Amino acid sequence: MRRLVLLCIVQLMPSIDTKRPVALRPLTISELVKRLQLTVEPKFRSVWVEGELSNYRPYPSGHWYFTLKDSEAEISTVCFRSANQRIRWNPANGMLLRARGRISIYRGRLQLYVEELETVGEGTLHVLFERLKKRLDEEGLFAQNLKRSLPRFPRRVGVITSPTGAVIKDILNVLTRRTRTVHILLSPTRVQGQGAAQEIVNAIRLLEDYHRIAIESGRANEGIDVLILARGGGSLEDLWPFNEEVVARAIRASIIPIIFRYRSRYRYHNCGLRG
């Protein structure tokens, strides 16, 4: 009897089609992104990549947003202010860079959060320098007829440099040994690092304002005869603020002749091409 009952039960059960797919609940976008994050991010917490910088966008917050790319792919990149404050040069589109950071998937987009950034050799910076120099030269910024003669016996000299560096000490020592009749006006500024180029421009304008007020007030003897833009040694990256376009244009627009001093000699820089 028991065998007969079991047999009947088996015969009454519907047959199962093993080839028919089982319906699954689709993932939400958030769930898919979360799974990708859990899969990708732990494997790329610190990775070095190399590529060309493009679409560089510095924000008022101090963060940098840009793209790193090669001939076949590109990746969105972020360098927060806390990281880029350690970088002593200004990025520019076209630079070949090496970056270290972590990979993250933010709102479904693959991003690289940069913690270290460096140029790949000085060749990239040199190419950027030559490109900018050519463009400014075509505008006539370096025309010889625009160069101004320097006063033979300056009475008042404006100096634009770091107030804590060795350069200002050298300038004061040289002037003290050679003459006691020259007055020095120091316009302190940073000479390297993020934002240094704009600080240099501001320092030039500050001394120009002093000179202009003195002339307009009938105190010509208090005007500035020449400016010295100076810094010590360093790598091409350290010196890069002096190659910035804003510095070149500020020097050309200056109403006071400007000398560029680098390690007690002249160096080939965009800011040194104005005379």
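Modeller: Five strands close into a barrel in the order E1-E2-E3-E5-E4, with mixed pairing. From one strand to the next, the twist averages 50 degrees; axes are lines fitted to C-alpha atoms, for helices over the stretch in contact, and angles run from 0 to 180 degrees between N-to-C directions. Helices (H or I, at least four residues) and strands (E, at least two) are DSSP runs, numbered from the N terminus. Two strands count as paired if DSSP finds at least two bridges between them.

This is a predicted model, in which local features need pLDDT of at least 70 and side-chain atom pairs count only at pLDDT 80 or more, while totals for chains, interfaces and linings use all residues. Residues are numbered from 1 along each chain as its sequence is written, and side-chain values use heavy atoms, with hydrogens and water left out.

Strand E1 (residues 47–58) and strand E4 (residues 96–106) run antiparallel and are joined by six bridges. In general, strands of a sheet pair through backbone hydrogen bonds, either parallel or antiparallel.

Asn55, found in strand E1, has a phi near 55 degrees, a positive value in a residue other than glycine. At 45% relative accessibility, Asn55 counts as partly exposed; buried means under 20% relative accessible area, exposed over 50%, and partly exposed in between (1.4 Å probe, protein chains only). Arg107, in the loop between E4 and E5, likewise has a positive phi near 55 degrees without being glycine. Arg107 is exposed, since its relative accessible area is 72%.

The largest nonpolar core has 22 residues, and among these Phe66, Leu68 and Leu117 touch the most other members. A nonpolar core is a set of buried Ala, Val, Leu, Ile, Met, Phe, Trp, Tyr and Cys residues joined through side-chain atoms within 4.5 Å. At least two residues of this core come from each of E1, strand E2 (64–69), strand E3 (74–79), E4, strand E5 (109–119) and helix H4 (123–138). Leaving out residues up to four places away in sequence, Leu68 touches several residues, including Val49, Leu53, Ile75, Leu97, Ala99 and Leu112; contact means heavy atoms within 4.5 Å. A second, separate core of 20 residues includes Ile200, Ile204, Ala250 and Ile256.

Helix H6 may be taken next. The 21 residues of H6 (residues 196–216) should span 30 Å at 1.5 Å a residue, and this agrees with the 30 Å between its end C-alpha atoms; the expected span is 1.5 Å times one less than the number of residues. Ala196, Ala197, Ile200, Val201, Ala203, Ile204, Leu207, Glu208, His211 and Ala214 are the buried residues of H6. Viewed down the helix axis, these buried residues fall within an arc of 160 degrees, so they line one face of H6; the arc is that of the directions from the helix axis to the C-beta atoms. An α-helix has 3.6 residues a turn, so residues three or four places apart point the same way. Leu206 and Glu216, on the other side of H6, are exposed.

The cover over the buried residues of H6 includes strands E6 (156–161), E7 (183–188), E8 (226–231) and E9 (258–262), together with helix H7 (245–253). Within H6 lies His211, which is buried because its relative accessible area is 15%. Apart from residues up to four places away in sequence, His211 touches Gly223, Ile224, Ile255 and Ile256. Just after H6, Gly218 takes a positive phi of about 80 degrees.

E8, part of that cover, has six of its six residues buried. Val226, Ile228 and Ala230 point one way from E8, while Leu227, Leu229 and Arg231 point the other way. In a regular strand the side chains alternate between the two faces of the sheet. E8 pairs with E6 in the parallel sense over four bridges, where Ile160 has Leu229 as its partner in E8. E8 also runs parallel to E9, joined by five bridges, and Tyr262 in E9 is the bridge partner of Arg231.
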